[in-house]
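Hello,

Here is the structure I promised to pass on to you. Please have a look at it first, and then read my notes below.

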Amino acid sequence: MTGEALRVPVTALAEAPGIDGDLGDWPAEGWVAVPVRPAVEEDPDNRLGEITVELRAGLHGDRFYLAARWPDGRVDDLYKPWEWRGNRYRRGKRADDMFAVRFDLEGDYVSCMIADADYKVDVWLWSAGRSDPTGYADDMWQLITTRYIENAAEYTGPGDKTVYIRKRRDEGTTGHDVNKPDRKTFQGERLPGVVWEATPEGSVADVAAKGRWHDGHWSLEMSRALDTGHDDDVVLPRDGIHVGAIAVFDREDGEDKSVSGDLHFDFGGSR
């Protein structure tokens, strides 16, 4: 997406919001309307299309807080459940709703993910059917480059150059994993596709997050320390501008998402 970057003020908060998906403890003023559009033009598999996300950012103590609200006519909080068909369980294809925010981490950041550039971004990925029950978003990073990377996704960029994109979770454990039931023993018509076996730990668990769906809208809150002390995380400033972007997924975990243009998170308002 092109166009002038949208400013998102990061203001000082009198109190730390509870990370519970209820936006009632956020100030009424200061919300920014962020348009998102399909990442791929005329994408028949994009269920979301063009919508507006209400975004609010704040700072309390040494933590950054982000709140978002967007329309979604149906809640999708199951991820690839197991379904009994015939005499065995088969993995369903149903995906969950997701929200991602990415921040410039290093290199020559550009908003387009298939540009002739080399850069790295810090990604916070919340998923309704996987990470949300743990109370966290998955902390990840993406490397976008025109240099060959083994086992990376490949795309055609400007001038028919190949762009390589590698996405990895940060170090640690997420607390959620694929459910692996006895596929030939009936335990009900449908079984969860995911199990939650532990509290997330390590750098992958830096971002607290919780969503709530109500009356045709998702509300989401995220929070992370400005400086986690981990090498795979962006250090957010107490002043100045830091560039980022958001993406919204409706029953999708691939390319069929709607994305914003560049967002300039202005930490000058937190003083």
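Is R7 buried, exposed or partly exposed? R7 is partly exposed, with a relative accessible area of 46% (buried means under 20% relative accessible area, exposed over 50%, partly exposed in between, with a 1.4 Å probe and protein chains only).

Two notes before the rest. This is a predicted model, in which local features need pLDDT of at least 70 and side-chain atom pairs count only at pLDDT 80 or more, while totals for chains, interfaces and linings use all residues. Residues are numbered from 1 along each chain as its sequence is written, and side-chain values use heavy atoms, with hydrogens and water left out.

Now the overall picture. The protein chain has zero helices and 19 strands (DSSP runs numbered from the N terminus, helices being H or I with at least four residues and strands E with at least two). Its radius of gyration is 19 Å, close to the 18 Å that the globule rule gives for 271 residues, so the chain is as compact as a globular protein of that length (the radius is taken over C-alpha atoms, and the rule is 2.2 Å times the number of residues to the power 0.38). The C-alpha trace spans about 60 × 50 × 35 Å along its principal axes. Of the 271 residues, 49% are buried. Among contacts between residues at least 6 apart in sequence, 63% join residues at least 24 apart (contact means heavy atoms within 4.5 Å).

Back to R7 and its partner. The side chains of R7 and D266 meet in a salt bridge at 2.8 Å, N to O (a side-chain nitrogen of Lys or Arg within 4 Å of a carboxyl oxygen of Asp or Glu). R7 lies in strand β1 (residues 6-12) and D266 in strand β19, so the pair ties together parts that are 259 residues apart in sequence. D266 counts as buried, at 15% relative accessibility.

By this rule there are 16 salt bridges. Another of them joins R130 and D96 at 2.7 Å, N to O. That pair links distant parts of the chain, with R130 in the loop between β8 and β9 and D96 in the loop between β6 and β7, 34 residues apart. Both R130 and D96 are buried. R130 also lies over the face of Y79, at 3.7 Å from the ring centre (NZ of Lys or CZ of Arg within 6 Å of the ring centre and within 35 degrees of the ring normal). K120 lies over the face of W141, at 4.4 Å from the ring centre.

The aromatic side chains come next. There are 14 aromatic pairs (rings of Phe, Tyr and Trp, its six-membered ring, with centres within 6.5 Å; planes under 30 degrees apart count as stacked, over 60 as edge-to-face and the rest as tilted). F64 and F265 form an edge-to-face pair, 6.2 Å centre to centre with 85° between the planes. F64 lies in strand β4 (residues 63-71) and F265 in strand β19 (residues 263-266), so this pair ties together parts that are 201 residues apart in sequence. F64 is buried, with a relative accessible area of 0%, and F265 counts as buried at 0% too. The rings of W126 and W218 have their centres 5.1 Å apart and their planes at 75°, so that pair is edge-to-face. One aromatic cluster is formed by F64, F103, W124, F265 and F267.

Best wishes
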